[in-house]
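Hi everyone, thanks for coming. I'd like to walk you through one model today, starting with the overall picture and then moving to some individual residues.

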Amino acid sequence: MRVLVVQNYDNTGLGQVGAALAEAGAELDLRRPYQGDPLPQDANGHDAMVVLGGGQNALDDHDYPYFPALLELTRDFAGKDRSVLGICLGSQLVARAFGAENHIGGAVEFGWCGVSLTTSAKADPVLGALPEKFPIFQWHDDTFDLPEEAVWLAGNDVAQNQAFRIGRAVYGFQFHFEADRPLVRDWSTSFATLIAERHPDWAGKLDDEMARNGPDADAAGLAIARAWVATI
């Protein structure tokens, strides 16, 4: 199992997705195109692709000129029935790749927030075994419309489109299910200045929030990660 991992921003990580891929014995091919790494021209050398998050928006082709090539690569993976996972910015890019409109701003969430599964999620191979509602880590300002061919899987009051599937195994997740408690703590340190500007009370409430929401969020996130890896 050879998995392409597209990192779009410093100090992001695979978190629980990495744990699930390691359990499956996957070989990872990490590319950082924002630092100049080339993207593969097609999906032929990989069994699946993970597109991680980032601080930029999904329409920022000017500063991230590799975005159009990444969209084309996403469509190639889908066309060859290979699993794709987009998280946060990654989900916004997957939505864009399949013709949906991106909405910049107006959907701000940070910290552990609740999401609810749709009726369609009950029969979904990745989300079907999860509780109808669960807390999960969020960090985004933007949102998107669903692509026409997408199955809507999860939402909440801030961002209606929190998870979707296209075809057999192309998934977009607005929420950071990969972010378990160790990764959230790492982000809270690595991005402390940025977080303090937007959420000045975060450092003081992190431990309480982590204790209250972390166990359920981590369990849901690992279940999602393992179930997605099983689609590869």
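**Overall picture**

For 232 residues, a compact globule would have a radius of gyration near 17 Å, and this protein, at 16 Å, agrees with that. The radius is taken over C-alpha atoms, and the globule rule is 2.2 Å times the number of residues to the power 0.38.

Before I go on, a word on where this comes from. This is a predicted model, in which local features need pLDDT of at least 70 and side-chain atom pairs count only at pLDDT 80 or more, while totals for chains, interfaces and linings use all residues. Residues are numbered from 1 along each chain as its sequence is written, and side-chain values use heavy atoms, with hydrogens and water left out.

Along the principal axes, the C-alpha atoms fill a box of roughly 45 × 40 × 35 Å. The protein has six helices and 11 strands; these are DSSP runs numbered from the N terminus, with helices being H or I of at least four residues and strands E of at least two. Of the 232 residues, 55% count as buried. Buried here means under 20% relative accessible area, exposed means over 50%, and partly exposed is in between, with a 1.4 Å probe and protein chains only.

**Aromatic rings**

Now for the rings. The structure holds 19 aromatic pairs. Rings of Phe, Tyr and Trp (its six-membered ring) pair if their centres lie within 6.5 Å; planes under 30 degrees apart count as stacked, over 60 as edge-to-face and the rest as tilted.

One of the pairs is Y64 with F67, which is stacked at 5.7 Å centre to centre, with 20° between the planes. Both Y64 and F67 are buried.

Then look at F110 and F137: their ring centres are 5.7 Å apart and their planes lie at 75°, so this pair is edge-to-face. F110 sits in strand β6 (residues 109-117) and F137 in strand β7 (residues 133-140), so the pair ties together parts 27 residues apart in sequence. F110 and F137 are buried too. Both belong to a cluster that ring pairs build from Y9, F110, W112, F137, W139, W187, F191 and W202.

**Two backbone spots**

Most residues other than glycine have a negative phi. Which way does N11 go? N11 has a positive phi of about 65° although it is not a glycine. You'll find N11 in the loop between β1 (2-6) and α1 (15-23), partly exposed at 43% relative accessibility.

D81 also has a positive phi, about 60°, and is not a glycine. D81 is in the loop between α2 (67-79) and β4 (83-87), and is partly exposed, with a relative accessible area of 44%.

**One last residue**

Let's finish on T143, in strand β8 (residues 143-144). T143 is buried, with a relative accessible area of 14%. Leaving aside neighbours within four places in sequence, T143 is in contact with N102, H103, A107, A159 and Q174.

How values were computed. Contact = heavy atoms within 4.5 Å.
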